[in-house]
Amino acid sequence: MKKKARRSPGSDGGSSPEQCCALCRLSDDDPAMFGEKVTLKEHKFSVHYLCLLTSCGVYQRGKEDEGVFGFLVDDIKQEIRRSARLRCCCCKKKGACVGCNVRSCKKMIHFPCGRKRKFISQFTELFPSFCPDHSPTQSLCVSSDLSLPQSCSICLDSIEPVLCYSILKCPSCHGSWFHRDCVQRQAHSAGLFFFRCTLCNNKENFQEEMLRMGIYIPERDASWELEANAYSELLEVYTRCDALTCLCNDGRTHSTKTGWFEVIRCRLCGSGGTHRKCSGLKLDTRDWACSDCQQATDGKASLVASPQGVQRRSLLSKRQLSSSLTPVSCKRTNLTHLSSFHTPISCKRPSLPVASGSPKEILQALVPQLLPLSVQVEVSGDRALAAGVELVRRSDYDPTHTLSVRFKDYTRTSFPSSLQDSDTARQYFLKLLVQQIEDSVVFEGPDGSKNLALDSQALRDDLYFDVGCLLALSLVHGGPPVGFFSHTLYQCLFNYPPNQPLTVTHMTPDTHFRRQVSRIAEATSLDELKEVTAASWEFLELAGCNQPISSLEEKEALVENLVSFTLITRMQLPLQRFREGLQTLGVFDQVQLYPSAFCTVFCKAAVRLTAQAFSRLFTVNFSQQEDKLNRETAVISFWRHFLLECEVGRSSISLQDLLRFATGAEEVPAAGLLPPPSVSFLHPVISSPAGVEQDEGGGGGAGGEVFQDEGLFPQREPSSKHLLLPVTSSYQAFKSSMEQAISHHVHLLPTES
C-alpha cells in the first residue's frame, strides 16, 4: 500500500471542499495520524479512515469492498448530516462527530481537534473516545531509586520524564519512554506484526497498553514488507571477473553455469570474482579468496572457515527448503494466499475480530499453496515415520506437491480398510505419521501431554527439524489434529499463555531432573535445602546455579532458574530446529498469530464425533422434481435418526465407520474435509405391473407402482467425498441397507494373493 504525500497543517485554507474530509473539515493527508484519506469523486467528498472509525453514529455494515472500507456511502452521508448540527468544543465549528464515551459527559469534538485537546480514542471493540477528564492514564510503577529516562527511545530527542498525554511508557520494561506522536508513527510503519517496544522487544503487553492509550495499530504487515521489490538487491550477486588478465572472449561480465568460465566469488567477502581459467584454478574449484582477503588473513584464508564448516554444510545441505521458509520469507510468500493478510489496511476491520478463531479456516487458507504435481511416498508396512523422514530429506522435495501414498507389503499388515484409493491411503498415512511422531525419541512424557526430549542422536540427525516439518505438512495436507503437545511445550514454542512463568509442575513427570528439582522445592529448612543441593551438585553445576545458599528465601529463585534451564536453556537447539521445521508452508507463522485458536489443535485430543457434528459436515443436495423431493425429505429424517443410533451404539457400525466409508478419513482433519462432503440420493427403480397377475402377486403402491427396496445400497465417491443415500420406503430398510454396505467396506481386509 503506497503512502500518500503528507500536507502541512493549515493547508486546508485553499483546498476545494472535495479535498477536505467531510467529517473533520481538514485536507491534511497524514495516514499515520488520521488514517488513509479516501476520496469518492462520484459523491464529491473525502473522509479520513480514523474519522470514520471514531464517529459515534456510523458503523461498518457493508463488505470490505463496499463504500469506504465497509462503511456504506449512505451511512457516511447520514453521519455527515447528523454531525453538521453538533459544534466542536475546541474550534467551535460544526461537524463534531466524536463524543466522550461517558454518558454524563456531553463534549463533542472533531477527531483532529481531539488530538490537540488530549482526547483519547481506543481503536478496539466499539471504538470509544474519552475527554481529558475521563481518559485512561499510566502510572509510574517503578522504584524510587531507578533513574528515569531523559530521552525518547524512538526519536532520541530529550523529554521531560513526566507521564502525561504526550509522554507514554512501555508497561513491561518501564525504561522505554516516548512521545505519543513518535509511537503512533512507529505503529503505522511497523504494523501489527512488528510493532513492539524498542528496548525490551515485548509485543503482547506493549500492544495492549498502546491500544488502551489510544495508539492506532494497523492490522497489516510492516510498510517495508509491503514495498514492491524491497529486498531485490539482496538477490543480486557479484558476477564479474577481477583477474589481471581476463581470458574470456565474451568479456569480464560473462559467466557460464559451469566450466572454466563460470565466475566464482570470494567465499569470505563475496565482493570479488574470477573465472577459473583466468586465475589458473582447477575445474572443480569452489572455494576461492580474493587478493584483498588473502592479505587481510596473512595468506591463510583457509583458516578463517570453521573446522566444522564441512560437517555443518553437509548437515544443512538437505535444508535448502528451510532457507526459503524463514519467518520473513514465509510470511511474504504465504500472505499472498491469505485474503485476510494481503489486503490493504482498509480490509482490516478493527471493529471486528482479527480472525474467525477457527483453525480449520486458517489452515484451509494455506491449502491453495499446494500444487497439482504429486510426490510419491512409499511406506513399507506401517513405518510411516521412516517414510516421512526419507521424503523430507530428499534434495528435490517440495512441500507444495500433493502426497501420493503407496503401501508396500500391505497384505501382511492389518489396515482398517482397503488402501487402493489414494485419498484413503494418504489419510491413513498421515494418521500413522502423527501417532509414530508422538512415540518417537524426540518426545517424552505421558500420552497426550508430551514435551520435547533431548536426544543426542536426534540432534546429529537433525530429526527435530524433520518432525516439525512433517507435522506442518500433515496439518496442511489434511492430517488429523496433533493433539499430544503438553501445554508446557506449546508455551515454549509459541509463548501462550503469554509471559506465564514456568514451575516444577511444567516439567516432564518421572524424570531425573523433575525429581531433583522437586526435592529442592520441597525443602522446608535451610539445612535440608543445603543437603539436597549438595546431593545434586552436578545438576546445579551444569545449570550454572551451584552457588552457596545462605537463606531459605533463595530457594524460590533457585527452583525457577533450574526449571528455566531444564525446559528452555538446554533445549534451545531442539526448540529452534523444531520451530524451523514448523515454518514449512507457513504453519508456524499462523499459529504464532492465533495461538489461542490453535491450542486445541496441538494440545488436546480430538473431540468425540457426535451425530449433530457429523450431520453438519455434509451438504444435502435435493432433487428438483416434487415426487422425488417428497421421498428424499423422508430419507433425510431416516439419515439423522440413523446417525443418532450410531452415536449411542444401537447400530452395528459407528460414526467413525460411517465417516471412513463416506470420505475415506479416519477422523475429521484439522483443516477440515476437502472438498466439502455432500449427500444426494439413490432412487430405486419404480415400475408399473405388466398385468393383473403381477399386480396381485406384488406389493402395489399408489397408482399401481411397485416400490423395490431390495438390492439398493449406499454408494460413495471418495475423490469428491460424495455419498449417495438409498431411497427406501421404511427406516428399517434404510438402516439394514446402510449397515450391510458399510460393514462390508470397513471390516473387509485386503485379500491375500
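Buried here means under 20% relative accessible area, as against over 50% for exposed and in between for partly exposed (1.4 Å probe, protein chains only). This is a predicted model, so local features need pLDDT of at least 70 and side-chain atom pairs count only at pLDDT 80 or more, while totals for chains, interfaces and linings use all residues. Residues are numbered from 1 along each chain as its sequence is written, and side-chain values use heavy atoms, leaving out hydrogens and water.

V591 sits in helix α23 (residues 587-593), helices being DSSP runs (H or I, at least four residues) numbered from the N terminus. With a relative accessible area of 0%, V591 is buried. Leaving aside neighbours within four places in sequence, V591 is in contact (heavy atoms within 4.5 Å) with Y490, F494, F598 and F602. L363 is 228 residues away from V591 in sequence, yet their C-alpha atoms are 9.7 Å apart.

As for helix contacts, L430, L433, V434 and I437 in α14 meet V467, L470, L471 and S474 in α16. By type, the residues of this contact come out as seven nonpolar (Ala, Val, Leu, Ile, Met, Phe, Trp, Tyr, Cys and Pro), one polar (the others, Gly among them) and no charged (Asp, Glu, Lys and Arg).

Notes. Helix = DSSP H or I, 4+ residues; strand = E, 2+ residues; numbered from the N terminus.
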